[in-house]
Amino acid sequence: EPFRWTEDPILRGYRFCCVRREDDRVTRWIDEHVRRPFEGHPHHWFMLCATRQINWPHTLGLLIGDPEADEEDRIYPGAWPSHEIFSPEKMGKALEDIASMGKVFTGAYIVTAPSTKGTKKTTFVAERTLGNLWRDRERIADVFSEGSMKRAHATLMRYDGWGPFLAYQAVVDMRFCAYLLGSANDVSTWAAAGPGTIRGLNRIHGRPVDAPLSQERALSEMLPIYEVIEAETGVVIDLSDVPNILCETDKYLRVRNGEGRPRARYVPGRGA
């Protein structure tokens with residue numbers, strides 16, 4: 001249907017995220033180029049961590065290169081963990097080269113920047129944020145083999161550059177991979193609540209927007225929402241989508257209540 005699809009001035013005027021994460025444009029790209037092609041690879045979990053730290057398809061495409069090509073024939077040999085010569089340092093040099101030509105990282109969310117003056121963000125992400133995971137890869141892989149999203153999320157958050165939001169994005173990608181967390185024992189009983197999710201819960205429960213909320217209490221309030229959504233809307237979602245719904249609810253109500261505006265206006269066709 002041609003624009004405009006709603007008479008609601010807030011929905012029509014501002015840019016909102018896909019609450020059903022699998023419909024997101026970058027998630028679709030990651031599924032096509034990383035989740036499915038590398039399924040079963042011993043470093044698959046690390047690849048998914050890298051995709052969410054970078055989250056920009058052009059950069060990821062350059063790092064991955066042609067999966068059928070020999071390593072020495074790739075644009076950036078050793079910059080993607082699909083071959084044994086991979087190293088975080090090679091990835092860092094590749095990211096630095098890509099940065100000299102244009103955009104490297106997503107603008108959708110904040111990627112942790114280095115606190116040390118003079119350290120490049122490309123180097124920090126490759127050699128520290130991802131490099132620390134790579135150095136502990138055997139131990140981390142063992143944790144993921146335990147089959148718990150909650151445990152995997154807590155493990156990632158012990159490392160520099162992995163806050164609750166980014167760790168959750170990586171873990172949810174693994175949730176949709178059969179050989180990683182696809183059969184985790186808590187896919188229908190656990191989800192993480194970030195700041196936007198907590199604000200959304202506070203709003204619908206009539207609490208002050210910035211009231212503190214424990215992860216346990218947030219989960220207990222998210223589960224009933226998950227249980228009624230399909231019956232109320234006809235849309236099939238995953239429990240991991242409920243935090244997205246609450247974030248966008250917070251964004252909508254912020255505008256309606258005159259408390260602020262989203263970062264971007266909606267432009268038909270942009271990001272399609």
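The questions and answers below concern helix packing and salt bridges.

Modeller: This is a predicted model, in which local features need pLDDT of at least 70 and side-chain atom pairs count only at pLDDT 80 or more, while totals for chains, interfaces and linings use all residues. Residues are numbered from 1 along each chain as its sequence is written, and side-chain values use heavy atoms, with hydrogens and water left out.

Biologist: At what angle do helix 2 and helix 3 pack?

Modeller: Helices are DSSP runs of H or I with at least four residues, numbered from the N terminus. Axes are lines fitted to C-alpha atoms over the stretch in contact, and angles run from 0 to 180 degrees between N-to-C directions. Helix 2 (residues 25–35) and helix 3 (residues 44–54) have axes 11 Å apart, and their packing angle is about 150°.

Biologist: Is helix 2 roughly parallel or roughly antiparallel to helix 3?

Modeller: Angles under 35 degrees count as roughly parallel, over 145 as roughly antiparallel, 65 to 115 as roughly perpendicular and the rest as oblique. The angle here is about 150°. Helix 2 is therefore, relative to helix 3, roughly antiparallel.

Biologist: Which residues of helix 3 make the contact with helix 2?

Modeller: Contact means heavy atoms within 4.5 Å. Helix 2 contributes V26, T27, I30, V34 and R35. From helix 3 come H44, M47, L48, T51 and R52.

Biologist: How many salt bridges does the structure hold?

Modeller: A salt bridge is a side-chain nitrogen of Lys or Arg within 4 Å of a carboxyl oxygen of Asp or Glu. Some are linked in a network that joins R21, E22, D31, R35, R36, R52 and D173. The number of salt bridges in the structure is 20.

Biologist: How many residues apart in sequence are the parts that R128 and D160 tie together?

Modeller: The side chains of R128 and D160 form a salt bridge at 2.6 Å, N to O. R128 belongs to helix 6 (residues 121–129), whereas D160 sits in the loop between helix 9 (149–156) and helix 10 (164–175), so the separation of the parts in residues is 32.

Biologist: Is D250, the partner of R199 in a salt bridge, buried or exposed?

Modeller: The D250 and R199 side chains meet at 2.8 Å, N to O. Buried means under 20% relative accessible area, exposed over 50%, and partly exposed in between (1.4 Å probe, protein chains only). R199 is partly exposed at 27%. D250 has a relative accessibility of 0%, so D250 counts as buried.

Technical notes: Helices (H or I, at least four residues) and strands (E, at least two) are DSSP runs, numbered from the N terminus.
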